Amino acid sequence: MRLSQMLFVTLREDPAEAEIPSHKLLVRAGYIRRIAAGVYAYLPFMWRVLKKVSQIVREEMDATGAQECLLPQMQPAQLWQESGRWDTYTKTEGIMFALTDRQEREMGLGPTHEEVITAIARDTIRSYRQLPLHLYQIQTKFRDEIRPRFGLMRGREFIMKDGYSFHASEESLKKTYQDMDRAYRNMIRRCGLDFTAVEADSGAIGGTGSQEFMVLAEAGEDEVLYTADGKYAANVEKAVSLPADGENSPFTQYEKRETPGTDTIETLSKFLQCSPTQIVKNVLYQAVYDSGMTVLVLVSIRGDQDVNEVKLTNELTKLASQYQGKTLISLTVPDVDAQQKWAAKPLPLGYIAPDLSDDYIAKNKQVAPQFLRLVDQTAIDLQNFVTGANESGYHVVGANWGSEFSLPKIQVDIRKAKAGDHAKHDPNQSLQTARGIEVGHIFQLGIKYSQAMGATYTDESGEEKPLIMGCYGVGVSRLAQSAVEQSYDKDGIIWPVAIAPYHAIITIPNINDAEQVEVAEKLYSDLNAAGVETLLDDRSERAGVKFKDADLIGIPYRIVPGRSLKNGKLEVVKRATHESQEIPIEQVVTTIKQWVNAALSV
């Protein structure tokens, strides 16, 4: 392609709305243009990148035997109501674009396609002989993000590969899950990115197990905890670890003490001159289920630990049926306004004990009359601990479970793992932290959707059973931007060869120099004929401008028919290293072709 004929406009200044390097560079280099918050146009360069990423994804999926299809973007609310996710996606999380058609039917723009694919399976799969079956698509998705940011990283419209598999056994599901693990590793590796696979929380998708594929980059929104031996890595939402050992309590007798101005663990431990590891802090949450029932949750946890609210949400979801619900709508720390709706009297915030009286809850049909009390594993074995006295300005010391306080019946692991903790698989290993960008996620869904939506098959003995499902997603547009976030310098983008919009760019320093133009034109034809995707910068611009643009857009190899022409050579510059060398004209095509092939074979 000739640059003079392309839609190509670069910016010298960073766009005001861009916060991270990859977003700034993609806009500046003319790859994307913002149309609305979280909505971007993919301009010609970007579309070439996305097609290359998509092709790599397609090749790896096809190699596993998966079949490509295309599902509707507009989905009826009825399907989502069958699965129980309509309220979750339109109200609780609020990420689905919902609309009503002219016949008053509720519809949604697909943020994901579990319901649609399960409905198709329900209508088409009858027997175990049709299983396993694996379908996938590459398509635009829609999610109404509260705060769209970072360009294509967190947009409201984006391109995604999502796949779904159906099985007659858990063993079959696990085999496909392993196939997807290998395929995803191949995809990301072929795209030229450094990444790690981590244990993950299944979130609103659900299921029994999942794994994320994280591209490591400082701008990543996710925190990854891992060990140096390479045997453990997990998203912080899912991570488990061994907490630091607790210190012995200095208190041997139970007593109530005045502790003014100690409503935080830091101020309390300093006032009593004790370790936070000997404090039981009691954190109050307000949970609302889809039944409309509000439940006040009191979590007791060791003072030096924090509650992992994702893990807490999962535990509370398991208890939904006790409150006539199916799922949790919201989980918050109740502020003053929230407390006024259910509190019968002012709460001793900062001084709450595990036995906070249920009479703090006013009578209300929509509010559970008793606190739901949970204790984290870190607090169970504490002895002679410090905790609140249910009176502002007072704590108790030397307390014990079974004497001063009843140990809550619901015992859970909901602490947040953090860097520096010991690893469970090897206490000699400490967890380290890194930032990551989630580009892929695979799930073992089990029967969550098939059971809810009546998607069944008949087994060998003639018994009707729910289909066992898997789900596998890759963010195509996110992966493309992740490549920029991981590889750039002060001059611009450094694309991996496999997904660069073009392999090489021929930059003509002086368009009025007939010899430069003649050599460039021939080389342009020869390179493209040899399979090297080549861009010709034949614009009437100064050489310096062209060189800056070439660096900015990140084409892997720049060829310059300049001063070295008199010696029968061309300057060739590798974008990744800025390494420059002069190569005889007749060897340029062969050399570039070899470099490209070597890069693509990694």
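Glu115 is buried, with a relative accessible area of 0% (buried means under 20% relative accessible area, exposed over 50%, partly exposed in between, with a 1.4 Å probe and protein chains only). The model is predicted, so local features need pLDDT of at least 70 and side-chain atom pairs count only at pLDDT 80 or more, while totals for chains, interfaces and linings use all residues. Residues are numbered from 1 along each chain as its sequence is written, and side-chain values use heavy atoms, leaving out hydrogens and water.

**Salt bridges**

- The structure holds 41 salt bridges (a side-chain nitrogen of Lys or Arg within 4 Å of a carboxyl oxygen of Asp or Glu).
- Glu115 and Arg85 meet through their side chains in a salt bridge, at 2.7 Å from N to O.
- Arg85 lies in the loop between helix 3 (77-83) and helix 4 (86-92) and Glu115 in helix 5 (residues 114-124), so the pair ties together parts that are 30 residues apart in sequence. Helices (H or I, at least four residues) and strands (E, at least two) are DSSP runs, numbered from the N terminus.
- Arg85 is buried too, with a relative accessible area of 3%.
- A salt bridge also joins the side chains of Glu145 and Arg154, at 3.3 Å from N to O; Arg154 is partly exposed, at 25% relative accessible area.

**Helix 6**

- Helix 6 (residues 170-190) has 21 residues and should span 30 Å at 1.5 Å a residue, which agrees with its end C-alpha atoms being 30 Å apart. The expected span is 1.5 Å times one less than the number of residues.
- Arg182 and Asp179 both lie in helix 6, three residues apart, about one turn of the helix.
- Their side chains meet in a salt bridge of 2.4 Å, N to O.
- Asp179 is buried, at 14% relative accessible area, whereas Arg182 is partly exposed, at 46%.
- Just after helix 6, Gly192 takes a positive phi of about 85°.

- Three strands form an open sheet in the order 13-19-18, with antiparallel pairing (two strands pair if DSSP finds at least two bridges between them).
- Strand 13 (255-258) and strand 18 (385-388) stand at the edges with a single partner strand each, so one side of each is left without a neighbour in the sheet.
- Three bridges join strand 18 to strand 19 (residues 394-399); Phe385 has Ala399 of strand 19 as its bridge partner.

**Met6**

- Met6 lies in the segment before helix 1 (21-28) and counts as buried, at 14% relative accessibility.
- Met6 and Phe45 are 39 residues apart in sequence and 9.4 Å apart in space, C-alpha to C-alpha.
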